[in-house]
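Have the sequence and the 3D view open as you read.

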Amino acid sequence: QKRNPHEPEFQQAVHEVLESIAPVLEEHPQFEGAGILERIVEPERQIMFRVPWVDDTGRLQVNRGYRVQFSSVLGPYKGGLRFHPSVNLSIIKFLGFEQIFKNALTGQGIGGAKGGSDFDPHGRSDAEVMRFCQSFMSELYRHLGEHTDVPAGDIGVGAREIGYLFGQYRKITNRHESGMFTGKGVQWGGAEVRTEATGYGAVFFVEAMLAVHGETLAGRRVGVSGSGNVALYAMEKARQLGALPVTASDSSGYVVDDAGIDLGLLREIKEVRRGRIAEYVEHRTSARFVPGERPWNVPMDVAIPSATQNELDAADAEALIANGVRAVAEGANMPSTPEAVAAFQDAGVLFGPGKAVNAGGVATSALEMSQNASRQRWNFPDSERRLHEIMLGVHDASFEAARRYGHEGDYVVGANCAGFERVAHAMLAQGVI
Ligand code: NDP
């Protein structure tokens, strides 16, 4: 705390991990002796840079760019880029820190990093977004590479932004280095299922948590927040498995549709028109829009918060519990406050933390890297099958670690211990560097 006084999100993420790994440290005293904790909370490198660009009116704009390369002990740095006005060093560090353990949990040999900018793509023309991305990459390119650091998308960075970023990297370096970015278009090196992976993976994780108790998703009401990449595909997979997605949201409020969210309509509004969620109710009589609020008062069996950090607090958790929620799975990174997590666990609600639940995105990114390296292309069903297997592996690793350390059913402890163990053993083996 003394070293990072103005970084509340980073402190929150570190606190959650350190609090739950005590049993690992007891079993492996050599980790403390080797200073694993002191080293792991300090990024290997953090880069901050100026991003100047000119808007459509001819005015100069200056944003700030970030890349925090947290740990490369298991593989090249890997983690998304976020473009959102709230981005600051604390947020990028919390995301990068979480990414280390998430990536370790996938078992795929990828390190942890995160980056982004306080640039807000909302309301910007395509040409402005392109100029911003080109300026951003004009600095960042020197820190990237398929064996060094491989970014992907996150909030505000989707197919359009990845295209512009990749194009600029290719131009500056004179290299069509497919493996230096994931989430690329499927026509130019992208992997099938990468777009769907985080949302689909979150639902596979819910299925696995329910299966431990002999339950399924069929017939359940699923409440999702957000209406971006993760949210849309969580809803799509939930529907395919016989559940009914009933909510969606953005930063202006939420919609509830008791007939089930119309995914085609939502996608058209958010991805094609780049509009606001309120437009949804103009086309659906079964839906209503609630401005300025989050969807957690709506009765639901399964909640999948998929917008942003700290979007579900203790009062929201109490409302969900009062309405009989059975499972909560974090599609977003750290969407639940620590008090909300404690409330769910005390009430016996199945709770899956983001670093396990949303690991399907980065896991499929690693599959994209494999395909790029071997010049292969796997088809959709094959890629989805691999994603499913990986998510079952992430679930089982978390479940088993929790049981081994005497916290059966606690996926927070399980995911943190399983991820940390893998990273700590590698750090120990590679010496003090
Ligand atoms: P998108 O940009 O596609 O969508 C984000 C959604 O969340 C939008 O509906 C957005 O609404 C809403 N949102 C963003 N910030 C806020 C805020 N401060 N308050 C309220 N609503 C907000 O992002 P993704 O779907 O890619 O990411 C969502 C979450 O999932 C993030 O936490 C991300 O880190 C995490 N994640 C994403 C992965 C991926 O593969 N994409 C992988 C693993 C985790 P609006 O349009 O109004 O801003």
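Val193 counts as buried because 25 C-beta neighbours sit inside 10 Å; the cut-offs are 20 or more other C-beta atoms within 10 Å of a residue's own for buried, 12 or fewer for exposed, and partly exposed in between, with C-beta atoms placed from the backbone. This is a predicted model, in which local features need pLDDT of at least 70 and side-chain atom pairs count only at pLDDT 80 or more, while totals for chains, interfaces and linings use all residues. Residues are numbered from 1 along each chain as its sequence is written.

Val193 is not a glycine, yet its phi is positive, at about 75°. Look for Val193 in the loop between helix H7 (159–173) and H8. Helices here are DSSP runs of H or I with at least four residues, strands are runs of E with at least two, and both are numbered from the N terminus.

Met334 is another non-glycine residue with a positive phi, near 50°. Met334 belongs to the loop between strand E11 (327–329) and helix H12 (338–346). Is Met334 buried or exposed? Met334 is buried, with 25 other C-beta atoms within 10 Å.

Gly123, in the loop between strand E4 (112–117) and helix H6 (126–140), counts as exposed, with 7 C-beta neighbours inside 10 Å. Gly123 and Arg274 are 151 residues apart in sequence, but their C-alpha atoms are 8.6 Å apart in space.

Now for the helix pairs. Two packed helices are described by the angle between their axes and the distance between the axes. The axes are lines fitted to C-alpha atoms, for helices over the stretch in contact, and angles run from 0 to 180 degrees between N-to-C directions.

| Helix pair | Angle | Axis distance |
|---|---|---|
| H8 (194–211) and H14 | about 135° | 7 Å |
| H14 (359–374) and H15 (380–404) | roughly 130° | within 10 Å |
| H15 and H16 (411–430) | about 100° | 7 Å |

Angles under 35 degrees count as roughly parallel, over 145 as roughly antiparallel, 65 to 115 as roughly perpendicular and the rest as oblique. H8 and H14 are therefore oblique to each other, and their crossing is right-handed. A crossing is right-handed if the near helix is turned clockwise from the far one by less than a right angle, and left-handed if anticlockwise. Among the H8 residues that meet H14 are Arg194, Tyr200 and Phe204, while the H14 side includes Ser365 and Glu368. By class, this contact of H8 with H14 has 5 nonpolar, 6 polar and 2 charged residues. Ala, Val, Leu, Ile, Met, Phe, Trp, Tyr, Cys and Pro count as nonpolar, Asp, Glu, Lys and Arg as charged, and the others, Gly among them, as polar.

H14 and H15 are oblique to each other too, and H14 passes H15 in a right-handed crossing. Residues in contact have C-beta atoms, placed from the backbone, within 7 Å. In this pair they include Ala363 and Leu367 of H14, and Arg386 and Ile390 of H15. The contact of H14 with H15 holds 7 nonpolar, 3 polar and 1 charged residues.

H15 and H16 are roughly perpendicular to each other. Their contact includes Phe399 and Ala402 of H15, along with Tyr411 and Cys417 of H16. The residues of this H15 and H16 contact divide into 9 nonpolar, 2 polar and no charged.

Notes:
Two residues are in contact if their C-beta atoms, placed from the backbone, lie within 7 Å.
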